[in-house]
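Reader: Could we go through this structure together? I would like to take a few local features in turn.

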Amino acid sequence: MKTYCHAPWVPEALLPILDVAYNFWWTTDRQARWFFDRISNGLFDQVDGNPVKLLRLMGETALREIAANPEFVRNALEIRERMRAELEAGGRFTLHPTRAGVGEGFLELAPRAAYFSAEFGIHESLPIYSGGLGVLAGDHVRSAGDIDLPFVGVGLLYRQGYFHQSFSLDNWQQEDFRPHGFHDLPIKLVVEDDGTPITVAVNLGDREVRARIWVAQVGRSSLLLLDTYRRSNWREDREITARLYDADRERRLLQEILLGIGGVRALTRLGVAPHRFHMNEGHSAFLVLERAADLRKQRDLSFEEARAALAPSHVFTTHTPVPAGHERFDVSLMDRYFGGQLERLGLDRDAFLALGRKPEGGSDHEFEMTALAIRFSESINGVSELHGAVAREQWRSMWPGRPVDQVPIGHVTNGVHAAGWTGGAMDSLFARHLAPDWARRVCDRELWERIEAVPDRDLWDARNLQRAHLVDVARRAAQAQLIARNVDRDTLVKKISRLDPDALTIGFARRFATYKRADLFMRHVERLAALVSDSRRPVQFIFAGKAHPADEGGKKLLQRVIELSLDDRFVGRILVLEDYDMGLARALVQGCDVWLNTPRPPKEASGTSGMKACCNGALTVSTRDGWWVEGFDGRNGWQIGQGHDSELDEHTLDEQDADSLIEILEREVVPLFFERGPDGMPSPWLARVRASIRGIVPFFNTTRMVREYADRYYGV
């Protein structure tokens, strides 16, 4: 077995950079990104930073000119050799002979963990993610490779991915699904030695579907992706992997069958035998049924014996306290696609359907994926300390008679891949004042104590550079979306010119779900108008995010924020950018001074966008929910309201939190930002920035998070 890609043609002298293009290692290497940008004269941004598509579009003439330049050739070779040296250097774990990401090494892995997720946010050039869950999964994959953990990710390759977003003339979200050419993506097809694509078969009721296997290299880690867009499949089955989180419930079920059952079969087909199967949310929980059926056949066991034998090898991470976030399927669909599998499982219909029901409070008409995953997993966790407690209460009925404090659901607090989310100016600052290899030592608290010695001027200059870059990105994005709406020139100029690179910039970017309360800052409109109209202390808000296509409440929430941004009092001071993706997310978390987080406690399991902003010197203003319960220490940001301990009804809680937010902005955040000393420095503000970096970065990162999973759950 080997991998194959229809790679773009490049001259022989540039072959080293083609190797780099097919490993997402380049996304965290500044010189590699600079190389692709420099040779393309701006085209790199237009192709979403996709080096494979870039090289294909540049064409033979341009590439020959580049290959004739000794400096470019030398740079290409240096970048490739640095990548190889880093991938071969090894990290904490050295359990496998051939490291993933080097040659065909992924086929020889004996990974400690196979990590299943419905979405992976590796980079915007691989658009198979929608939001926080996928971005966390992508950072998990990256950090596993960073520490050389024997690890493989398993997901689906969506031909259309998640939707592109635009706003109509009545400010309503519109969704546009666009197909992606797989051969333009930085991925490779897994094939036999003769070049024939390797496939796996999955039974879907009365028919069989076959899926190809693709591999994305992410540093040392490998990510296996399945797709059904094959001519030999029925036309309807080719569409199984068309859209992420398809609104059609039957197709959604088929996706999850393919992810769980097909994913296990793909690993088996490639000879990859993980020690642990990690389910990132319940979407992949059908994998436990496939493994149970296989074990029953191999050892002649009962279903319950197989379940008990497999439970120690299953890890399940739940990500949401919100009931709607837990996947459920109507039993009629389950009958259609699993009725023929009951004999293989050794179960009758009632026993099978009981696997997906809570002992108390469950529906007889639905099959719940979280319940299935819990029944088969010895290791179960939430994603923050608070969420662990909420999950124990939420799922206590799965262990009848146990006190809630004995429910076996722990927690591993989420983190972010700091090197991937830190902007260029702050990266340079850390390299100069902390250590050149700060990213490899991200968990070293002693290292981060050195931030106290960084001069105010250096820290402030880095912040100003990244804020200015965000304003430039926002201006260009706003101009493009306003021109598309045919606005008049005066409105265009007014809206864009008021964006100020020196203004206090407050960011809010995440999924537009109603419980996240993106409109909380709007509850006191007159006070908000006064806040943004003070020319001596300019303040601006930048919003971005998508509502799920089926979430009418989320769309209405987004519409209200857009309409406020068009009010004459707020034009150019509140900006809502469309088509939120990882590229825009990087600009926002790197450039904002304040990161706003307003979920209604305790409905935010963790949240990670604020962690990314903290890596860049932003300060958090958040309700006491998710990760902020652990992160806030009174000196590194601000806390809105009473938090999860409140016993108020939702309306009263919203009103009190809105009061708290506007008070914090008026009396603390804005005055502190504009308090300047004789040297022009906002020293008290920068003292808080240092406290935020020093206290948050060394813990809220995925290096610590993945090591914790490895130590506690992966059996390493």
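**Helix packing, a sheet and a buried serine**

Author: Helix α9 passes α10 in a right-handed crossing. Please keep in mind that this is a predicted model.

Reader: At what angle do the axes of α9 and α10 cross?

Author: The axes of α9 (residues 287-299) and α10 (residues 303-310) cross at roughly 115° and come within 9 Å.

Reader: Which residues make that contact?

Author: From α9 the contact uses V288, L289, R291, A292, L295 and R296, while α10 supplies F303, A306, A309 and L310.

Reader: Changing topic: what is the strand order in the open sheet of six strands?

Author: The order is β18-β17-β16-β19-β20-β21, and the pairing is parallel. β18 (574-577) and β21 (637-640) stand at the edges with a single partner strand each, so one side of each has no neighbour in the sheet. From one strand to the next, the twist averages 20°.

Reader: How many bridges link β19 and β20?

Author: Four bridges, in the parallel sense, join β19 (residues 594-597) to β20 (residues 619-623). Within this pair, L596 stands opposite V621 in β20.

Reader: Which strands does helix α19 touch?

Author: Helix α19 (residues 456-484) packs on the sheet and touches β16 (504-509), β17 (539-544) and β18. The direction of α19 makes about 70° with that of β18.

Reader: Next, S660. Which helix does S660 lie in, and is S660 buried or exposed?

Author: S660 lies in helix α26 (residues 650-673). The relative accessible area of S660 is 19%, and the cut-off for buried is under 20%, so S660 counts as buried.

Reader: What does S660 touch?

Author: Leaving aside residues up to four places away in sequence, S660 touches Q639, I640 and G641. Strand β21, at an edge of the sheet, covers 637-640.

Reader: Lastly, α6. How far does α6 reach from its first C-alpha to its last?

Author: Helix α6 (residues 132-146) has 15 residues and reaches 21 Å, close to the 21 Å expected at 1.5 Å a residue.

Reader: Why is α6 described as largely enclosed?

Author: Of the 15 residues of α6, 13 are buried, so the rest of the structure largely encloses this helix.

Note on methods: Residues numbered from 1 in each chain as written. Predicted model: local features only at pLDDT ≥ 70, side-chain atom pairs only at ≥ 80, totals over all residues. Heavy atoms only, no water. Helix = DSSP H or I, 4+ residues; strand = E, 2+ residues; numbered from the N terminus. Expected span 1.5 Å × (residues − 1). Buried < 20%, exposed > 50% of the residue type's maximum accessible area, 1.4 Å probe, protein only. Pairing = 2+ DSSP bridges. Axes fitted to C-alpha atoms, helices over the stretch in contact; angles between N-to-C directions. Contact = heavy atoms within 4.5 Å. Left-handed = near helix turned anticlockwise from the far one by under 90°.
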